[in-house]
Amino acid sequence: MLLQRMVTLQERQAELLEEMLQNQITQQKQRQAELAAWRKANPQLADKCRKAAEALSKVHTEFLDSIADEIEHSGEDMADSEFMLSEFVDRFGPRIAHLNGVLQMLAQLGSPHPPAK
């Protein structure tokens, strides 16, 4: 009886996971359709976003390089000192988070149309 109950619960869990997956797929398709419609309605702006993303990507790479250099030079200090780690996070954390967000937005808006299926 206990095994039957476990099987029933696992089957229900699999059904719920399938529903969640279908919801995510539906949301992703809707988002892609919205982006495609936006790109079609704003082709010049989409192109500007693509070019801006390419330029910002270079800035992003240089910034990551400077972060890597900083870690290479003061990584041991950050491991030993909570203050040094906190200073590092305060110095680079917000900037890289915002830069990542802007880069992602520009890349999505400026990405080419996905091929039709």
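**View 1. Ser-74 contacts the backbone of Glu-70.** The side chain of Ser-74 reaches the backbone oxygen of Glu-70 at 2.8 Å. This is a polar contact: a pair of N or O atoms within 3.5 Å, where, within protein, one must be able to donate a hydrogen and the other to accept it, and residues adjacent in sequence count only if both atoms are side-chain atoms. Ser-74 lies in helix H2, residues 43-80. Helices are DSSP runs of H or I with at least four residues, strands are runs of E with at least two, and both are numbered from the N terminus. Ser-74 is buried, at a relative accessible area of 9%. Buried means under 20% relative accessible area, exposed means over 50%, and partly exposed lies in between, with a 1.4 Å probe and protein chains only.

The model is predicted: local features need pLDDT of at least 70, side-chain atom pairs count only at pLDDT 80 or more, and totals for chains, interfaces and linings use all residues. Residues are numbered from 1 along each chain as its sequence is written, and side-chain values use heavy atoms, with hydrogens and water left out.

**View 2. Asp-47 pairs with Arg-50.** Asp-47 lies in helix H2. A polar contact of 2.6 Å joins its side chain to that of Arg-50. Asp-47 is partly exposed, at 29% relative accessibility. Ser-111 is 64 residues away along the chain, yet the two C-alpha atoms are separated by 8.4 Å.

**View 3. Pro-43 and Gly-110.** Pro-43 also belongs to helix H2. The relative accessibility of Pro-43 is 43%, so this residue counts as partly exposed. From Pro-43 to Gly-110 the chain runs 67 residues, and their C-alpha atoms are separated by 9.0 Å.

**View 4. Ala-97 and Thr-8.** Ala-97 sits in helix H3, residues 82-110. Its relative accessibility is 47%, which counts as partly exposed. Thr-8 lies 89 residues from Ala-97 along the chain, with 44 Å between the C-alpha atoms.

**View 5. The fold around these sites.** The protein has three helices and zero strands. From the N terminus on, the order is α-α-α. The radius of gyration is 23 Å, well over the 13 Å of the globule rule for 117 residues, so the protein is more spread out than a compact globule. That radius is taken over C-alpha atoms, and the rule is 2.2 Å times the number of residues to the power 0.38. The C-alpha atoms fill a box of roughly 60 × 50 × 20 Å along the principal axes. Buried residues make up 16% of the 117. Among contacts (heavy atoms within 4.5 Å) with a separation of 6 or more, 73% join residues 24 or more positions apart.
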